[in-house]
Amino acid sequence: MTANLLDFDLEGLAVFCEGLGEKRFRATQLFRWVHQRGMSNFDDMSDLAKSLREKLKVHAHVAALPILSQQFSKDGTIKWLFDVGAGDAVEAVFIPEDDRGTLCVSSQAGCAVGCRFCSTGHQGFSRNLSTAEILSQLWFAEHFLRKHLNQTDRVISNVVMMGMGEPLQNYSALVPALKAMLDDHGYGLSRRRVTVSTSGVVPMMTRLAADCPVALAVSLHGPNDTLRDNLVPLNRKYPLDELLSECTRYLEKAPRDFITFEYCMLQGVNDQVMHAKELVQLIRRHASQGLRCKFNLIPFNPFKESGLLRSDDATVQQFAAVLLEAGFVTTVRKTRGDDIDAACGQLAGDVKDRTGVADRIAQQRAVPIQWHASTPVINTPLE
Ligand code: SAH
Ligand code: SF4
């Protein structure tokens with residue numbers, strides 16, 4: 001099998017070129033053809049020596065994932081469904097805004113974390129994507145969009161690892177993909193404009209800070225361990241105090257001076273004023289150690305199997321008001337691409353439940369969610 005050049009960051013490509021008996025700087029030229037120009041045919045790479053092109057034809061190829069569908073929303077959002085084989089598929093979403101173009105990228109087929117409110121989580125884990133499979137979402141989208149919008153300049157200015165999967169549970173494939181995004185010979189994205197979103201894989205946050213410190217978003221969703229254990233099962237392994245201490249340490253290396261905390265607003269579950277107050281207390285404790293953050297409240301995108309509902313606007317505003325009053329910058333995320341199911345947590349692909357996670361979540365649902373660590377009041381969310 002020949003190597004897919006989308007599997008390499010620049011350093012990896014240099015090693016590959018050396019293996020072909022070529023000088024390292026050839027890798028830079030090749031990297032630019034592939035990522036900046038979107039080329040996959042070696043014969044079109046005119047400034048590469050003919051001998052190198054011949055070697056590449058024998059030993060390498062450039063291949064993006066096959067596309068199963070492409071959907072255009074009224075608001076300009078575009079969603080692609082990519083085939084990753086064996087009946088699995090992953091999604092990427094382009095979200096245009098006045099001052100930026102954001103691509104939401106997937107890192108895994110399915111997800112092993114199994115968050116109760118996430119449709120990817122409900123489908124269980126199928127497999128990790130390779131670097132090429134992660135990067136080809138950006139490679140394809142960028143060059144497709146340039147043609148589609150008839151533009152020669154870069155279209156995608158921001159990447160968020162907020163598609164399907166937990167990126168920090170696919171660390172070894174993620175990091176080269178991030179490096180290619182940041183590389184000036186690749187996509188040249190600023191570290192501030194590449195965001196890894198995590199449900200809180202603490203040891204991998206430490207490694208990311210050392211290896212490739214990009215902007216970090218942490219999916220919080222609950223102000224205490226009891227509630228968060230139930231919503232984000234990974235919390236049982238890495239509880240809130242440990243997670244928030246790691247967030248504080250991450251800031252020493254981070255390109256931005258704050259962590260974004262994502263908080264999905266679930267009606268009657270985590271959206272009450274008392275939760276907001278508890279959240280303020282929790283963050284204040286860590287702020288005294290140096291934690292700086294912003295909150296992004298995400299309206300829940302409901303799907304039937306979750307048994308959960310979206311908080312109403314007034315509740316979201318009340319919750320936001322408590323955080324704002326405490327001095328935290330807080331935004332409420334706009335939902336985009338509603339007509340094509342492109343919003344957070346709706347990315348479903350076609351992943352089969354091979355791990356029985358749907359059953360586990362169904363069992364979890366049978367256990368009512370506790371509202372508050374110290375309050376034995378039980379709320380069964382609208383079933
Ligand atoms: N696994 C990573 C990144 C992918 S999920 C993480 O959990 O952070 C990206 C974001 O979408 C997370 O903040 C996640 O909590 C949120 N999300 C998942 N399901 C959702 C849903 N149904 N409605 C709204 N947001 C959701
Ligand atoms: Fe996985 Fe993130 Fe979905 Fe949780 S919210 S199941 S970590 S993709």
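Predicted model: local features only at pLDDT ≥ 70, side-chain atom pairs only at ≥ 80, totals over all residues.
Biologist: Okay, and which residues come nearest to ligand 1?

Modeller: There are 20 residues around ligand 1, and the nearest are Phe117, Ser197, Ser219, His221 and Asn301.

Biologist: What kinds of residues make up that shell, by class?

Modeller: Nine are nonpolar, nine are polar and two are charged.

Biologist: What does Phe117 do there, in terms of atoms and distances?

Modeller: Phe117 uses its backbone: an N or O atom from there sits 2.7 Å from a nitrogen atom of ligand 1.

Biologist: And which atom of ligand 1 does the side chain of Glu262 approach?

Modeller: An oxygen atom, with a polar side-chain atom of Glu262 lying 3.1 Å away from that oxygen. Glu166 also has a polar side-chain atom to look at, 3.3 Å from a nitrogen atom of ligand 1.

Biologist: How much of ligand 1 does the protein bury?

Modeller: The protein buries 96% of the 530 Å² that ligand 1 exposes when taken alone.

Biologist: Switching to ligand 2. Which residues are around that one?

Modeller: Here's the list: Cys111, Val113, Gly114, Cys115, Cys118, Gly121, Gly165, Glu166 and Ser199.

Biologist: How does the shell of ligand 2 divide by class?

Modeller: Four nonpolar, four polar and one charged.

Biologist: New topic: Leu145. Where is that one found?

Modeller: Leu145 belongs to helix H5, which covers residues 131–148.

Biologist: Is Leu145 buried or exposed, and why?

Modeller: Leu145 counts as buried because its relative accessibility is 0%.

Biologist: So what is Leu145 in contact with, leaving aside its neighbours within four places in sequence?

Modeller: Ile78, Trp80, Phe94, Asn150, Val155 and Ile156. Take Ile78: along the sequence, Ile78 and Leu145 are 67 residues apart, yet their C-alpha atoms are 9.8 Å apart in space.

Biologist: What about the whole chain? What share of its contacts join residues at least 24 apart?

Modeller: Counting contacts between residues at least 6 apart in sequence, 67% join residues at least 24 apart.

Biologist: And how many helices and strands does the chain have?

Modeller: Twelve helices and 16 strands.

Biologist: Last one: what share of the residues count as buried?

Modeller: 57% of the 383 residues. As for surface, the chain exposes about 16100 Å², with carbon and sulfur atoms supplying 51% of that area.

Key:
Residues numbered from 1 in each chain as written. Chains lettered and ligands numbered in written order. Heavy atoms only, no water. Near = heavy atom within 4 Å. Nonpolar A, V, L, I, M, F, W, Y, C, P; charged D, E, K, R; others polar. Polar contact = N/O pair within 3.5 Å; in protein donor to acceptor, adjacent residues only side chain to side chain. Areas by Shrake-Rupley, 256 points an atom, 1.4 Å probe, with all protein chains shown as cover. Helix = DSSP H or I, 4+ residues; strand = E, 2+ residues; numbered from the N terminus. Buried < 20%, exposed > 50% of the residue type's maximum accessible area, 1.4 Å probe, protein only. Contact = heavy atoms within 4.5 Å.
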